[in-house]
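Please look through the sequence and the model below. The paragraphs that follow take up one part after another.

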Amino acid sequence: MQKIEHLGIAVSNLDAANALYAKLLGTMPYKTERVESEGVNTSFFQVGESKIELLEATNPDSPIAKFIAKKGEGIHHIAFDVDDIHAEMRRLQAEGFVLLNEAPKRGADNKLVCFIHPKSANGVLVELCQEIREAE
Ligand code: ZN
């Protein structure tokens, strides 16, 4: 694992949260992106070498809608940058961590991602993400 790539924060209204985080961080989001497969609208802020990802549900079945219904808005996941997501998934599986997807999937911001079950990590949803390189 390399650095903390981003923190994911569940919000109920992305426009309002974008305005608030723009004030908080003193910078505008550098991109917004809808990820249909996850049922989310996202926006990204660069903060030094890490990022903040805001996530808003696009439908009531979205994992973000369920998270907010259960826990309210707040930190949803922590994402680590990895160099080789396949190798890292094998390593963690061998260590006994429960992976939420068997193969890496395409996430927001040009990444391959895999999630680790919060039960495996003291209640924290962990995301592995690897930049998609052109040859893949
Ligand atoms: Zn994320």
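Predicted model: local features only at pLDDT ≥ 70, side-chain atom pairs only at ≥ 80, totals over all residues.

Helix 1 itself covers residues 14–25, twelve residues in all. From first C-alpha to last it reaches 16 Å, close to the 16 Å expected at 1.5 Å a residue. At its start, a side-chain oxygen of asparagine 13 comes to within 3.0 Å of the backbone nitrogen of aspartate 15.

The helix has a buried side made up of Leu14, Ala17, Asn18, Tyr21 and Ala22. Viewed down the helix axis, these buried residues fall within an arc of 140°, so they line one face of helix 1. An α-helix has 3.6 residues a turn, so residues three or four places apart point the same way. Strand 1, strand 2 (31–35), strand 3 (40–47) and strand 4 (50–57) are among the elements that cover the buried residues of helix 1. On the face turned away from the buried side are the exposed residues Asp15, Leu20 and Lys23.

Next comes the metal site. The zinc ion is coordinated at 2.1 to 2.2 Å by NE2 of His6, OE of Glu53, NE2 of His77 and OE of Glu127. Along the sequence these donor residues follow the spacing H-x46-E-x23-H-x49-E. Histidine 6 belongs to strand 1 (residues 4–10) and histidine 77 to strand 5 (residues 74–81), so the pair ties together parts that lie 71 residues apart in sequence. The angles among the four donor atoms run from 83 to 174°, and the site is irregular.

Conventions: Residues numbered from 1 in each chain as written. Heavy atoms only, no water. Donors = N, O, S within 2.8 Å, 3.2 Å for Na, K, Ca; no water. Tetrahedral: all angles 85-135°; square planar, octahedral: opposite > 155°, others 65-115°. Helix = DSSP H or I, 4+ residues; strand = E, 2+ residues; numbered from the N terminus. Expected span 1.5 Å × (residues − 1). Buried < 20%, exposed > 50% of the residue type's maximum accessible area, 1.4 Å probe, protein only. Arc of directions from axis to C-beta. Contact = heavy atoms within 4.5 Å. Polar contact = N/O pair within 3.5 Å; in protein donor to acceptor, adjacent residues only side chain to side chain.
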